[in-house]
Amino acid sequence: MLSKKLQKAFNDQINHEFSSSYLYLSMAAYALSQNLPGFAHWLKMQTAEEKGHAMKLYNYVAERGGRIELQALEQPPVEFSSPIALFEEVLKHERKITAFINKLYEAALDERDYASQVVLHWFIQEQVEEEAAASEILETLKMAGEKGHALIMMDRQLARRGQN
Ligand code: MG
C-alpha cells in the first residue's frame, strides 16, 4: 500500500506527465501552422511518449492499491516565437520535470518505499535521455540557424523519429 503522502506525490506526477503530453501537442500544432511537418511529427511522438509515462505511473499507483485522482490540465501556450524558442521551452520543461521526478524520489526515500524507488529509477534514467535529446536538437538548430535550407534539413531529420 502506498502512503497517503506518496499517493498524493504520484498523483501530482501523473498530472505533470499528462501536462507534458498536452504541451507537446500544442507545440506540434504550432509546428503545423509553420509548415514544419517533421517538427510536428517529432512533437506528436513526444506527446505519445509522455502519455505513456503518465500511464506507467497510473498503473503503478493502481497496482499498489493507491487511488488515482486525475487533476485539471492547464492551457498550454499556443504561440512560440521561433523553432529555436520552441526547443528552448522543451529543454526548460524537461529540466522542470527532472526536478519533479527527483522530488518524488526523495519522497519515496523518506517513506522508505523501496518499490517506488525502483519504479522511479526508470524515470530518472528517462529524464537524462529527454534532456539530452532536447539539448541536441536545440544546439543543432542554433548552429545551423533557422532560416531556409537549414530549417528544411532539420525538419526532414525530425520527420525520421521512430523510423530507426
Ligand atoms: Mg515524461
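This section describes the helices, pockets and ring contacts of a predicted protein model.

The model is predicted, and local features are considered at pLDDT of at least 70 and side-chain atom pairs at pLDDT 80 or more, while totals for chains, interfaces and linings use all residues. Residues are numbered from 1 along each chain as its sequence is written, and side-chain values rest on heavy atoms, with hydrogens and water left out.

The secondary structure comprises five helices and zero strands, where helices (H or I, at least four residues) and strands (E, at least two) are DSSP runs numbered from the N terminus. Along the sequence, the elements follow the pattern α-α-α-α-α. The C-alpha atoms fill a box of roughly 55 × 25 × 25 Å along the principal axes. Of the 164 residues in the protein, 45% are buried (buried means under 20% relative accessible area, exposed over 50% and partly exposed in between, with a 1.4 Å probe and protein chains only).

Helix α1 contains 30 residues, and its end C-alpha atoms are 44 Å apart, in agreement with the 44 Å that should be spanned at 1.5 Å a residue. The expected span of a helix is 1.5 Å times one less than its number of residues. After α1 comes Asn35, which has a positive phi near 55 degrees. Helix α2, formed by residues 37-63, has 27 residues and reaches 39 Å from its first C-alpha to its last, close to the expected 39 Å. Just after α2, a positive phi of about 75 degrees is found at Gly65.

Two individual residues illustrate contacts between separate parts of the chain. Pro76 is located in the loop between α2 and α3 and is buried, with a relative accessible area of 16%. Its C-alpha atom is separated by 9.1 Å from that of Ser20, although the two residues are 56 residues apart along the chain. Leu104, in helix α3, is buried with a relative accessible area of 3%. The C-alpha atoms of Leu104 and Asp12 are separated by 9.3 Å, and these residues are 92 residues apart along the chain.

The structure holds five aromatic pairs. Rings of Phe, Tyr and Trp (its six-membered ring) pair if their centres lie within 6.5 Å; planes under 30 degrees apart count as stacked, over 60 as edge-to-face and the rest as tilted. The pair of Phe10 and Tyr60 is tilted, because the ring centres are 5.3 Å apart and the planes stand at 50 degrees. This pair links distant parts of the chain, with Phe10 in helix α1 and Tyr60 in helix α2, 50 residues apart. Both Phe10 and Tyr60 are buried. Trp42 and Phe87 form an edge-to-face pair, since their ring centres are 5.2 Å apart and their planes lie at 65 degrees. Trp42 belongs to helix α2 and Phe87 to helix α3, so the pair ties together parts that are 45 residues apart in sequence.

Arg161 lies over the face of Trp42, at 4.6 Å from the ring centre. The charged end of Lys56 sits over the ring of Trp122, 4.1 Å from its centre.

Pockets were identified on a 1 Å grid over the protein atoms alone: a cavity is a set of points where a 1.4 Å probe fits but cannot get out, whereas a pocket is an open set with protein on both sides within 12 Å along at least five of seven lines, and lining residues have an atom within 4 Å of a point. Grid points are joined across faces, edges and corners, and a volume is the space filled by probe spheres set on the points. The largest pocket has a volume of about 430 Å³. Its lining consists of 20 residues, of which Ser19, Leu23, Glu74, His93 and Lys96 lie nearest its centre. Helices α1 and α3 each supply at least two lining residues, and the largest share, seven residues, comes from α1.

The second largest pocket has a volume of about 300 Å³. It is lined by 17 residues, with Trp42, Ala133, Ile137, Leu158 and Arg161 nearest its centre. Helices α2, α4 and α5 each contribute at least two residues to this lining, and the largest share, seven residues, is from α4.

Conventions
A charge sits over a ring if NZ of Lys or CZ of Arg is within 6 Å of the ring centre and within 35 degrees of the ring normal.
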